[in-house]
Amino acid sequence: MLDTMAEPLGEEATSSVGELCRECGQSHLLPDNHLYNFQDEVDDELVCHICLQPLLQPMDTPCGHTYCFKCLENFMQEYSFCPMDRKKLSFQHCRKSSLLVRNLLDKLIVLCPFQEDCKQTMQRCELEAHLQNRCPGFRKYKAQLESKKNPRSRLKGDSLSRLEANALKEPEIENGLSTLVAGSSSAAVVSLETTEPGLVNPAFDGSEEDLPQRASLLAETSLIEIHRDDPEEDLGMRIVGGKDTPLGNIVVQEVLRDSVVGTDGRIAPGDHILEVNGVNISSVTHSQAISLLRQPCAGLRLLVLQEKGFTTRPGQPDSNPVINQEVIHVTLVKRDQSEPLGIKLIRKSDEPGIFILDLLDGGLASKNGKLRRNDKVLSINGQDLRQGTPETAAQIIQSSEARVNFVILRQSGVQLPDSVEDSSTSNNSSSSSSNGGSPVLHRRRPEQNHYRRKSSYQKALPQGYLSQDKVVTIKKEPKESLGITIGGGRDSRHRLPVYVTSVQPVGCLFREGRIKKGDVLLSINNIDLTHLNYSEAVSALKSNAALHTVVLKALEIIVPEKTFESPEIPESSESGFGWASWTPQWVRWLGLPSHLHFCQDIVLHKSNSESWGFSIVGGFEENKGSQPFFIKTIVPGTPAFWDGRLRCGDEIVAVNGVSAVGMSNAELIPMLKEQRNKVTLTVVSWPGSLV
């Protein structure tokens, strides 16, 4: 629940006249707790003695009393004692109530606040999902509110609604499953139209004529609880950013398939992590954020900011009229209940409902051949999904025994770009897959052409970083091992140089003592290692290790003191074997000299009315000097999003062959705005830190 996370978005703290809270469905001041209509009388032990309502986000005091988080926080701003026994009290000494107490409160039965149209009852923690996805009363309220704000919207999509409604009345679909609760929740919707200082945002940069449909970029804060059976298990996501980098915020770069976060399905690349278990991490260093995210605990509460795309400017006519719509019925037959369909589903920012983003090669849906990308899913097994979520659809598919009946709406003439292969997830936070609810997406892409960074693109190391060459000469027995393990190689996904993942105590390099974990290997006995793939590097090291004399040249990257990976932070391990799979933190790669970078050219295409769909930070500033430009945001539903190759944390090296090194925002903005339909971005990509 998000009872304390909503923040006022306007100048006043009250909700707009006539507007109801999206989470509880009632009108209240934004700083105040949500309001609920409880079905039964609540035990006095579960009532806050400040507001006299059932507890919301309960907090325990050292003296044994329990209050709502907001109630206690507001009270402690004026007083320094416990409201019950008047004992001296500091808010910092209060702790969240036990999981048992919070679960008891969440399971209290409440009535839907729209009793005229909806007589449903549910657990308190389910009310928000009910309002957003199933409540006819709240749906009617939103329609009325939208109608007041934008009278023309009454006509928009009217024929589409009738077509969808008629499709759901057709008799071929069996009514199978009851409605399922979607998992996501939102605390506040904020506009990102005004950029922060130093932020270039081609995502919504353009004139009124260029972008007639889009008024502002919206993002939504969500409080997501992650539960894991093993408190020390990796969450399974890679992060970039931190206050010690140009990105500032901590941003999710990638979600790993079948991980804790990937299976949960609510966090996606591009999400900004604002809080971890109530601790604000919007202004901490990269390493500090890693330490907080890796803390062992069964339950992790993450407050994240998620991009939702662009709003449609009120009063503008629809520039994309629906043409030749047809309703199609498709039945897929699973061999067993656990067989995935191989379908990637998303929810668009500018239109309700669920859409097919991709069909995985070799999957059941791809072999069937009747479903297509961008089809709108109207129902599955008779369950109305016109206002549904990808998570709900995934649950229906997984619960189906054999036959999965789709009713879809297809618009002829609508084509998505050719799919690409990427093990990262979709940047749309409302995405899911028939492979277990994980948003991980595998799309096929032609072979990428990477090349060594040109001399004209090279830059100085960021402020505070140093790199130090070292040459180690070892006299050894022919059968004596070097005693190191390596990672990287130019065939790795990020085209990394070969680096040391461990120095074993049984080898001669451990005895010599100068080669360390994280060092980049440059050459062995004058054989260049910097352009080799992993297997070639292993062969070169093994063959030369058999000689009596080994001359090893390596590079040590020295990161700024404030960024240094402290020994308290555990090593990154993707497979559980830390010595074999250790990977450096993302910030360490920022100190790799330019001549060791491998670049990639990414060509994006768009129409005149679209924006590129990414924002960047960095560039030359008087007080900070020259900093690289980094991708900070990729907006759902834009050319950068659909292309799938750009990732948060990527460095922009050049635009259309012109080096961005040393440029300021004022120089780069015109270059990007001049590109009407096509732009070539030269980028370097480093793997985010695993948490």
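Arg 238, Glu 254, Arg 493 and Arg 647 are joined in a network of salt bridges, a salt bridge being a side-chain nitrogen of Lys or Arg within 4 Å of a carboxyl oxygen of Asp or Glu. Side chains of opposite charge can pair when their charged atoms come close. By this rule the count comes to 18 salt bridges. The model is predicted: local features need pLDDT of at least 70 and side-chain atom pairs count only at pLDDT 80 or more, while totals for chains, interfaces and linings use all residues. Residues are numbered from 1 along each chain as its sequence is written, and side-chain values use heavy atoms, with hydrogens and water left out.

Three further pairs can be followed in turn. Arg 373 lies in the loop between α8 (364–368) and β18 (376–380) and Asp 358 in strand β17 (residues 354–359), so the pair ties together parts that are 15 residues apart in sequence. Helices (H or I, at least four residues) and strands (E, at least two) are DSSP runs, numbered from the N terminus. Asp 358 is buried at 3% relative accessibility, whereas Arg 373, at 25%, is partly exposed. Here buried means under 20% relative accessible area, exposed over 50%, and partly exposed in between (1.4 Å probe, protein chains only).

The next pair is Glu 556 and Lys 470, whose closest N and O atoms are 3.3 Å apart in a salt bridge. Because Glu 556 belongs to strand β28 (residues 549–558) and Lys 470 to strand β23 (residues 466–475), the pair ties together parts that are 86 residues apart in sequence. Glu 556 is buried, with a relative accessible area of 17%. Lys 470 is also buried, with a value of 6%.

Glu 480 forms a salt bridge with Arg 511, with 2.8 Å between the closest N and O atoms. This pair links distant parts of the chain, 31 residues apart: Glu 480 is in the loop between β23 and β24 (484–489), and Arg 511 is in helix α10 (residues 508–512). Arg 511 is exposed, with a relative accessible area of 54%.

Asp 643 shows another kind of contact. This residue lies in helix α14 (residues 639–643) and is buried, with a relative accessible area of 13%. A polar contact of 2.8 Å joins its side chain to that of Arg 645. A polar contact is a pair of N or O atoms within 3.5 Å; within protein, one must be able to donate a hydrogen and the other to accept it, and residues adjacent in sequence count only if both atoms are side-chain atoms. Asp 643 is also 8.7 Å from Val 603, C-alpha to C-alpha, with 40 residues separating the two in sequence position.
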